[in-house]
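Here are my notes for a colleague who is new to this structure. Please read them with the model open.

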Amino acid sequence: MKILTFTGKTPSEALKKARLDPNYENMLHIDTKEVQKKSLGREALYEIVMGIESDSTHSTYQKTNTMPKDGRPLTQKSADVLYDISYAAQQISKIADVRDPLHEYQEPKSQATFEPKELKEIKAEIAKLGDKVKIIQNMFWDEKAPELESHIPSEFAEIYRLASQSGMNREHLDAIMRMTLEHMPFRMRENSETIKRYFQTLLRKMVPVRLESTPSVGNKKVMMLVGPTGVGKTTSVAKLAARYSYLMQKKYKVGLVVLDTYRIGAVEQLMQYARMMKLGIETVVDPIDFASALDSLRYCDYILIDTMGSSPYDKTKIEKIYECLDGNDTKYNIDVVLVMPSSIKYEDLKSTYDNFSTLNIDTLMFTKLDETRGFGNIFSLSYETKKPISYFSVGQEVPEDLVCASSDFLVECLLNGFNRSKT
């Protein structure tokens with residue numbers, strides 16, 4: 001078989017190129033994949049892989065009366081070969097439990113299935129081993145089970161362990177366990193997988209999320225990022241600026257305001273990003289200059305404000321940020337986004353939130369998801385404060401490593417760990 005590839009900025013563009021090939025009707029679609037992600041200054045690139053039986057690349061596509069030895073026209077024979085390949089691929093997918101979204105093979109109901117004797121023996125041994133593990137699990141679970149009003153069945157041991165090890169607050173976990181036991185149907189408690197799916201659904205409903213929105217006509221969005229030192233506020237501002245000005249369906253005008261004049265390096269870093277992306281940028285040394293800086297960027301659709309990092313216990317710096325907000329006599333509503341690292345324990349996250357709460361926090365943003373294995377602390381903070389999460393930062397790359405927040409993404413990380421391929 002001969003393999004042909006066609007590329008384009010979108011899957012449909014690549015498919016159009018494939019259809020222009022004179023041999024398209026005899027091609028078999030093998031795969032469609034993204035070979036290059038869209039980023040700053042670089043277009044996305046998609047590739048469609050097609051297969052074609054080698055004999056059909058010669059005289060197969062020309063009208064001919066030549067008859068091969070089997071008595072069938074060559075074109076018909078090539079079509080049969082392609083059909084056989086497709087059918088074999090479907091059979092392999094069936095065995096591997098893989099589904100083709102375009103052509104899903106369904107085995108006839110009348111066809112009987114047979115298992116080798118060795119496979120039956122292996123399954124029986126696995127079942128026995130599972131029973132022994134369950135007995136051992138019950139022995140230890142009775143000793144370590146949480147002290148709740150109602151007894152927690154041993155089937156819940158795995159999900160309780162995963163949630164507990166994720167860094168979730170113990171009080172929150174016990175409350176969710178009580179809710180699960182109260183509302184979960186008994187028929188769903190038969191195995192740990194069913195329990196885990198139910199638990200995931202319950203957690204997803206408990207995570208407040210702020211969906212990304214775009215500026216309405218005649219209005220602009222003003223966002224101020226605040227938080228402790230070293231959490232990645234400046235890099236996050238750059239990611240958001242690149243996202244709004246280059247990666248969305250519409251290229252919006254973005255302006256930057258810098259309050260972080262304490263660190264010369266932070267100002268230079270953001271100015272470098274502004275030059276690369278051709279964005280307007282203003283620096284504010286004194287709170288009384290804040291309103292005029294916003295007014296000078298009134299032509300922008302988005303205005304992003306980078307603030308000085310401060311210890312949660314440094315009331316002086318936090319007060320200076322508050323003076324900027326309090327002295328804002330413009331018509332703009334400012335969304336205050338508290339940026340925090342996901343790599344610290346829940347108690348420290350809660351303390352940080354409490355000390356910055358005087359700024360009237362609107363949403364939460366978590367960074368450094370690629371530097372931790374526990375995400376229960378994020379869940380507990382959003383659950384406790386009822387503040388929605390807007391974005392996750394999963395690395396240092398600008399702007400690729402920025403993820404719009406979703407409850408599905410957070411719960412998946414909490415129970416199964418962070419997987420970069422799912423971002």
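**Notes on the model**

1. Start at F392. Its relative accessibility is 1%, so F392 counts as buried. Keep in mind throughout that this is a predicted model.

2. F392 has an aromatic partner, F409. The two ring centres are 5.5 Å apart and the planes stand at 40°, so the pair is tilted. F392 belongs to strand β10 (residues 389-393) and F409 to helix α13 (residues 407-416), so the pair ties together parts 17 residues apart in sequence. F409 has a relative accessible area of 10%, which is under the 20% cut-off, so F409 is buried too.

3. Now look at α13 as a whole. How many of the 10 residues of α13 are buried? Seven are, so the helix is largely enclosed by the rest of the structure. The buried residues are S407, F409, L410, V411, C413, L414 and L415. Their cover includes α4, α6, α12 (376-385) and β10. After α13 comes G417, with a positive phi near 90°.

4. Two of those covering helices also deserve a look as a pair. Helix α4 (residues 157-165) and helix α6 (residues 192-206) have axes that come within 9 Å and cross at roughly 45°.

5. Which residues make the contact between α4 and α6? On the α4 side they are E158, I159, L162 and A163. On the α6 side they are S192, I195, K196 and F199. The residues of this contact divide into five nonpolar, one polar and two charged.

6. Return to the aromatic rings. The count comes to five aromatic pairs. One of them joins Y244 and Y302. This pair is stacked, with 3.8 Å centre to centre and 10° between the planes. It links distant parts of the chain: Y244 sits in helix α7 (residues 233-247) and Y302 in strand β7 (residues 302-306), 58 residues apart.

7. Are Y244 and Y302 buried or exposed? Y244 has 1% relative accessibility, so Y244 counts as buried. Y302 is buried as well, with a relative accessible area of 0%. Ring pairs also bring in Y252: together, Y244, Y252 and Y302 form a cluster.

8. Three strands form an open sheet in the order β1-β3-β2, with antiparallel pairing. Its edge strands are β1 (2-8) and β2 (28-36), each pairing on one side only. From one strand to the next, the twist averages 20°.

9. Check the pairing of β2 with strand β3 (residues 45-52). These two run in the antiparallel sense over seven bridges. Within this pairing, L28 stands opposite G51 in β3. In general, strands of a sheet pair through backbone hydrogen bonds, either parallel or antiparallel.

10. Finally, see what packs on this sheet. Helix α1 (residues 11-19) does, touching β1, β2 and β3. The direction of α1 makes about 130° with that of β1.

Key
Residues numbered from 1 in each chain as written. Predicted model: local features only at pLDDT ≥ 70, side-chain atom pairs only at ≥ 80, totals over all residues. Heavy atoms only, no water. Pairing = 2+ DSSP bridges. Helix = DSSP H or I, 4+ residues; strand = E, 2+ residues; numbered from the N terminus. Axes fitted to C-alpha atoms, helices over the stretch in contact; angles between N-to-C directions. Contact = heavy atoms within 4.5 Å. Nonpolar A, V, L, I, M, F, W, Y, C, P; charged D, E, K, R; others polar. Phe/Tyr/Trp six-rings, centres within 6.5 Å; stacked < 30°, edge-to-face > 60°. Buried < 20%, exposed > 50% of the residue type's maximum accessible area, 1.4 Å probe, protein only.
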